[in-house]
Amino acid sequence: MTEMNDRRTFIGYHRNTRMKILKLILVAGARPNFMKIAPLIKAIRSYNQDRRHRPKIDFMLVHTGQHYDNNMSDIFFQELGIPEPDINLGVGSGSQAEQTARIMLAFEPVCLREKPDWVVVVGDVNSTLACSLVAAKLGIKTSHIEAGLRSYDRTMPEEINRLVTDALADLLFTPSADANLNLKKEGLPARKIKLVGNIMIDALISRLPEAEKSTLPSQLGLKPGEFVYVTLHRPSNVDDPKILHSIMNKLGKISKKITIVFPLHPRTRKMLAPLEFRAQDYPQLMLIEPIGYTDSLWLAKYARLVLTDSGGLQEETTYFGTPCLTLRRNTERPVTIKIGTNQLTSLKSLEADVNRILKGKTKRGNVPKYWDGRTAERIIKYLVASSIKADSSAAGR
Ligand code: UD1
């Protein structure tokens, strides 16, 4: 993917009818954003294809470049059919402040030049926060997809990103009812909050037929129900060498009972390198490179259990009904515990929790309301309705 790949600018008016076009800048920056942007683009295209739909929508895709490796970014674009970004800000890695500031500096001129009607951000990564801040300060309306989630743990950068983004957004699209309550408690007006469901489940449903054809299980010799799928990358689990070492030793021990597949996030790989952990002593502990979305779906669906600190996997396992242990003190996705198959675990209780599940004592779950594959469609409906309303009140002034 090229940097600063400026392909075009917004036209603003429909070529034939001269009718105003709704201009959206869609922002994606890091791995967990891509499966949320893909369904949105698909829904915009199908909205535009319906001749009755007015106004038409033009979108510009901005990739901040927060994630840049092929297996952290490009592979998701290919698998999910996301078009090449119109603009890649190419910001790369850095401290929290560096990365956020670099995204802001690079995104501001784009907004000034393109004058979009809306900036649409997803999730809770630094790109989400940085682009919302820029848009809000320029008086451009922003909408946040996956709004209202709260862990109430401000030691996590994502919680700060969520709080600030939601405080600034003009439309807050929530994945579950608990998110609506959080936003109301923070004093956000009900008219801004729309319960639309989980957009990631749109991506999951559309990629499931491909996931069923994944060749990863045959490459790794995996059989449904006979392995544990592990993903860990949060600073709280991997940045402290003592904690990471202890996690790895526990995984080594568990791998003597059941095969573990653990694709290593670049942060985790970097932190693991200097540790004296001998992976070769544990032949059933498979430490592999990061994998694509479709292979990950297969693993999440067919694992005996998933051990993770990722938000997305907590939700995907709830959808699949796969037992999930989340190695964190809290979660911003409590619906996956209350309704789904997720449970929190700790370093202390990890082995006992895993053993319990391996013995068949699993929690049954359900799928939350509106996790049905139609979330993006609902979002487009609300965005259009809100824009028409804003236009007619401006005309009436
Ligand atoms: C970020 C998000 C986190 C999300 C995660 C998913 C924030 C604050 N955090 O965390 O919410 O769960 O993405 O992956 O936005 N690196 C590479 N190649 C890449 C990207 C990163 O090697 O393509 C390495 C770099 O050494 C970098 C480190 O990974 O310093 C961490 O990347 P960064 O984007 O800062 O945070 P993540 O841990 O990925």
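These legends describe close-up views of a predicted model, in which local features need pLDDT of at least 70, side-chain atom pairs count only at pLDDT 80 or more, and totals for chains, interfaces and linings use all residues. Residues are numbered from 1 along each chain as its sequence is written, and side-chain values use heavy atoms, with hydrogens and water left out.

**View 1. The shell around the ligand.** The ligand is surrounded by 19 residues, each with a heavy atom within 4 Å of it. Gln66, His67, Glu158, His233 and Arg267 are the closest. Domain 1 (3-198 + 371-396) and domain 2 (207-358) both contribute to the shell, so the ligand lies between them. The domain bounds come from an automatic or database assignment.

View 2. A polar side-chain atom of His67 sits 2.8 Å from a ligand oxygen atom. In the side chain of Asp69, an N or O atom is 2.9 Å from a nitrogen atom of the ligand. Asn126 brings a polar backbone atom to 2.9 Å from an oxygen atom of the ligand.

**View 3. Helices at the ligand.** Helices are DSSP runs (H or I, at least four residues), numbered from the N terminus. At least two shell residues come from each of α3 (96-114), α5 (157-168) and α11 (266-272). The largest share, three residues, belongs to α11.

**View 4. Lining of the largest cavity.** Residues with an atom within 4 Å of a cavity point count as lining. Among them are Ile145, Phe173, Pro175 and Met200. Glu146 also lines the largest cavity.

Note on methods: Polar contact = N/O pair within 3.5 Å; in protein donor to acceptor, adjacent residues only side chain to side chain. 1 Å grid on protein atoms, 1.4 Å probe; cavity = no way out; pocket = protein on both sides within 12 Å on 5 of 7 lines; lining within 4 Å.
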